[in-house]
Amino acid sequence: MPAQRERPPTASSGGTASSGRAASSGRTGRPPATSRAQILAAARRLIDRDGWEALTIRRLAAETGVGATTLYHHVRDKDDLIVQLVNEHVDQVARPELPGDPRDRIIVAWTTIHDALAGWPWGAEVLTSDGFLARLGDSALWFVETIVGGAVDYGCTRLQAVDLFRSIWYYTVGEILVRAHTVRRRDEIGDADREFSLRALDPSHYPHLTAIGDQWPARASLDLYPQVLHILVDGLLAQATTETP
């Protein structure tokens, strides 16, 4: 992860007076980013450049050239900032054309959610606790309504539809984060951790794992989300509609 950017030197911090004036003059031509749109744009630039882990209110203040107190007029904390970024991102995602079959509507809505967040795993990271629905904007809530409504139209009770949504949400977020963390780990330490072979295990204790041997990493890299999504949706719908409400 890139190191945090140091503050420009000033006379009081050990730099010369002229270097302090030069640092200040470098910011006079940039208007203060005080609007919500400007703050979100600056946060997105920082994430794209340095990674979402580098995003803090302090660094965002330095990026925008305003004080942290000014930012707090628009965001409560880092989590609130990322939720606003996610809402803005989803606002730009085109709503898919929905098929008539309620089961297929659920599949289409989930696929769109997954694809939208796959490139923004840090967005999924902040939505990993229940209760996040209250923080979503209209565009994101449209997808939730579509999925819950599809389950109800299929024959589920509304509470069963909630269970369906939550179950698939857990899988979707987990799949996105595991892949993102795997890529980040490989970027940071290379492929050294992949050199471990299941063949090194004691076959008397782990016969199946040793038989798999070196095939696990290649298998783990496969994108099975579409197939698993269909299995989950069909299984949850079937279970819900056969239960007594």
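A crossing of two helices is left-handed if the near helix is turned anticlockwise from the far one by less than a right angle, and right-handed if it is turned clockwise. In this predicted model, helix α6 passes α12 in a right-handed crossing. The contact between them is made by Arg103, Ile106, Ile107, Trp110, Thr111 and His114 of α6 and by Tyr225, Leu229, His230, Val233, Asp234 and Leu237 of α12.

**The chain as a whole**

The protein chain holds twelve helices and zero strands. Of its 245 residues, 36% are buried. Among the contacts with a separation of 6 or more, 67% join residues 24 or more positions apart.

**Packing of helix pairs**

Two packed helices are described by the angle between their axes and the distance between the axes.

| Helix pair | Angle between axes | Distance between axes |
|---|---|---|
| α6 and α12 | about 140 degrees | 10 Å |
| α6 and α8 | roughly 160 degrees | within 8 Å |
| α2 and α5 | about 95 degrees | 10 Å |

The angle of about 140 degrees between α6 and α12 makes α6 oblique to α12. Angles over 145 degrees count as roughly antiparallel, and α6 and α8 are therefore roughly antiparallel to each other. Angles of 65 to 115 degrees count as roughly perpendicular, and α2 and α5 are therefore roughly perpendicular to each other.

**Helix α6**

Helix α6 has 17 residues. From its first C-alpha to its last, α6 reaches 24 Å, close to the 24 Å expected at 1.5 Å a residue. Twelve of the 17 residues of α6 are buried, so the helix is largely enclosed by the rest of the structure. The buried residues of α6 are Pro102, Arg103, Arg105, Ile106, Ile107, Ala109, Trp110, Thr112, Ile113, His114, Ala116 and Leu117.

Helix α6 passes α8 in a left-handed crossing. On the α6 side, Pro102, Arg103, Arg105, Ile106, Ala109, Trp110, Thr112 and Ile113 take part in the meeting of these two helices. On the α8 side, the residues are Phe143, Thr146, Ile147, Gly149, Gly150, Ala151, Asp153 and Tyr154.

His114 lies in α6, which covers residues 102–118. Because its relative accessible area is 8%, and buried means under 20%, His114 counts as buried. Leaving aside neighbours within four places in sequence, His114 is in contact with Thr172, Glu175, Ile176 and Tyr225. Tyr225 is also one of the α12 residues in the contact between α6 and α12.

**Trp120**

Trp120 has its place in the loop between α6 and α7. With a relative accessibility of 9%, Trp120 counts as buried. Not counting residues up to four places away in sequence, Trp120 touches Arg44, Leu85 and His89. The C-alpha atoms of Trp120 and Ala180 are separated by 9.1 Å, and these two residues are 60 residues apart along the chain.

**Helix α2**

Helix α2 covers residues 36–50, which is 15 residues. Its reach from first C-alpha to last is 21 Å, close to the 21 Å expected at 1.5 Å a residue. In α2, Ile39, Leu40, Ala42, Ala43, Leu46, Ile47 and Asp50 are buried. Seen down the axis of α2, these buried residues fall within an arc of 160 degrees, so they line one face of the helix.

The buried residues of α2 pack against α3, α4, α5 and α7. The contact of α2 with α5 is made by Arg36, Ile39, Leu40, Ala43, Arg44 and Ile47 of α2 and by Leu81, Gln84, Leu85 and Glu88 of α5. Arg44 and Leu85, which belong to this contact, are also among the residues that Trp120 touches. Just after α2, Gly51 takes a positive phi of about 95 degrees.

**Helix α3**

Helix α3 is mostly covered, with six of its eight residues buried. These are Ile57, Arg59, Leu60, Ala61, Glu63 and Thr64. The buried residues of α3 pack against α2, α4 and α5. Just after α3, Gly65 takes a positive phi of about 80 degrees.

Definitions and conventions
Residues numbered from 1 in each chain as written. Predicted model: local features only at pLDDT ≥ 70, side-chain atom pairs only at ≥ 80, totals over all residues. Heavy atoms only, no water. Helix = DSSP H or I, 4+ residues; strand = E, 2+ residues; numbered from the N terminus. Buried < 20%, exposed > 50% of the residue type's maximum accessible area, 1.4 Å probe, protein only. Contact = heavy atoms within 4.5 Å. Expected span 1.5 Å × (residues − 1). Arc of directions from axis to C-beta. Axes fitted to C-alpha atoms, helices over the stretch in contact; angles between N-to-C directions. Parallel < 35°, antiparallel > 145°, perpendicular 65-115°, else oblique.
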